Amino acid sequence: MNAAGSGPRPIRAEREEEAHEELTRLLPPPPERDLPSGRHSHHKDRLMQLIDDDQSRTSSGQASGDTPQTRQRRLRLPRPALWMPAAALALAGALTVGLVTTMDSGYGVEESGGDSAVVLLDRIAEVAAKTEATPVRDDQLVYVRSLDAGAECQEDGSCEPERLSEREAWWSQEPGPVRKLAEFYENGDYVPLRELLPPGSPGTPAGVDRPTYQWLASLPTDPDELLDELYRLTKTVKGEEKAQAVFDKIGELLNTSVMPPRTAAALYGAAAKIPGVERVEDAVDPAGRHGVGIIRVDKRVSWATEWIFDRDTLTYLGERSYLTKDSQTGKKGTVLEETAILKRAIVDDYRQRPGSTTK
C-alpha cells in the first residue's frame, strides 16, 4: 500500500482539479504567458526521430550538409499523434491550394455557453451512435484524404503558418508492433511513415498514439469510463492543461480513424464532460465549409482547438488550432495546424484508392 501522498494521482482527482480551475476563470486573469517552448520542442524532438525509406541515416545526412539544425528549421508543427516524416515536410507545394495566415480577433468566440456545447455534443453523439460503420480488418488500411497545414517553428519559438496542401494517407490497422505506421501521398510523392526505434525493438503497437479500429473497439463505451481512460493514457507537455490534452487527443482520434459507432458516440459524450468546452455558432473548416463548432481554450498557454461539424448532418468536418493571444509564438489568431477531412474509406492495400481495385 502506498504511503500517504505517494503513488499516481487518481484520475477523478485530476478531473475535479480541472473543474476547479474552470471556476477560477471568474477571478482576475494571471499575467500573460507565451506558449511554452516545451510544446514546440516536444513536437520537434519527436519529429526528429522519424525517418522514411528514402532518407539516409545521420552519417549520410551530415555528408550532404543536412544537419539536425537545418532539418529542425523546416519542420512543421503537427498534431501530437500525427507525426509527419521530415522528408514529407520539406516537399514543395505542388498541390497547394491556399495560404494559412491568421484568423481575425473574433474567430471562434461566438460562444453560447457550456450548456449549449453539451447539448450539441449530446446530439452529435446520438447521430454517431446511429451511423453505420463497416468494421476494419487487421489486414486492411484506413484511407483518409484531407487538406492539411501546419506551422513552421523556428528555434526562437516563433511560428509561421504554412500553405494548405492535399494529402492522402493510408493508416496501418495491424495490432502490431509495426515499424511502418502509415504511408502518405503529398505533392506528387509517396512517403512512408516509420518511427526510428531502438535496436531490437519490434515496432509500435496499437494504442492511443496509433489507434486501430480494433483498439478503438476495445475502449469503454460509457462516457465517464472512457474519459477516465483517456485521462490515464494521454500525456501532457509542460504548462498544458490536462483537460486540453485530452480534448486534443479526442480530436486526433476523430481525424485519423474509422471506429465503431458506439465508440464515436462515447468519445463525443466524454468530450461533453470536459470542463471549458464551448459552442461556436459559425465555424469554417479549412476547405471553406461552414458549420457549427465545439471549441476549448487552454488559458495557460493561450491555445484553442476547434472541431467543425456540418450544421445539418452533424458530420465531423475537421479541426483547427490557433493562438488566442499575442505571444512570442505569433499574433493572436495565428493558425498552428488545421485539417479538413475530404474522404474516409477502408482499402486493402497501400496506395489503393476508394472505388479502385488497383493502386
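Me: Why does E168 count as buried?

Reply: Buried means under 20% relative accessible area, exposed means over 50%, and partly exposed lies in between (1.4 Å probe, protein chains only). E168 has 6% relative accessibility, so E168 counts as buried. The model is predicted: local features need pLDDT of at least 70 and side-chain atom pairs pLDDT 80 or more, while totals for chains, interfaces and linings use all residues. Residues are numbered from 1 along each chain as its sequence is written, and side-chain values use heavy atoms, with hydrogens and water left out.

Me: Where is E168 placed?

Reply: E168 belongs to strand 6, residues 163-172. Helices (H or I, at least four residues) and strands (E, at least two) are DSSP runs, numbered from the N terminus. The chain has ten helices and 13 strands.

Me: What makes the approach of E168 to Y143 a polar contact?

Reply: A polar contact is a pair of N or O atoms within 3.5 Å; within protein, one must be able to donate a hydrogen and the other to accept it, and residues adjacent in sequence count only if both atoms are side-chain atoms. The side chains of E168 and Y143 make such a contact at 2.5 Å. The side chain of E168 is also joined to that of R353 by a polar contact of 2.8 Å.

Me: Which residues is E168 in contact with, leaving aside its neighbours within four places in sequence?

Reply: Contact means heavy atoms within 4.5 Å. With those neighbours set aside, E168 is in contact with Y143, V144, R145, E183, F184, Y185 and R353.

Me: How do you know that Q352 is buried?

Reply: Its relative accessibility is 10%, therefore Q352 counts as buried. Q352 is found in the segment after strand 13 (335-347). Its side chain reaches the backbone nitrogen of D348 at 3.3 Å, and a polar atom of that side chain lies 2.7 Å from the backbone oxygen of S356.

Me: Why is helix 8 called roughly perpendicular to helix 10?

Reply: Two packed helices are described by the angle between their axes and the distance between the axes. Axes are lines fitted to C-alpha atoms, for helices over the stretch in contact, and angles run from 0 to 180 degrees between N-to-C directions. Angles under 35 degrees count as roughly parallel, over 145 as roughly antiparallel, 65 to 115 as roughly perpendicular and the rest as oblique. The axes of helix 8 and helix 10 (residues 261-271) come within 8 Å and cross at roughly 75°. That makes helix 8 roughly perpendicular to helix 10.

Me: Which residues of helix 8 and helix 10 make the contact?

Reply: P223, L226, L227 and L230 of helix 8 meet A266, L267, G269 and A270 of helix 10. Ala, Val, Leu, Ile, Met, Phe, Trp, Tyr, Cys and Pro count as nonpolar, Asp, Glu, Lys and Arg as charged, and the others, Gly among them, as polar. The residues of this contact divide into seven nonpolar, one polar and no charged. Helix 8 spans residues 223-233, and L226, L227, D228, L230 and Y231 in it are buried.

Me: Why do N187 and S302 count as buried?

Reply: N187 counts as buried because its relative accessibility is 13%. S302 is buried with a relative accessible area of 6%. N187 lies in the loop between strand 7 and strand 8 (189-195). S302 has its place in the loop between strand 10 (290-298) and strand 11 (303-310).
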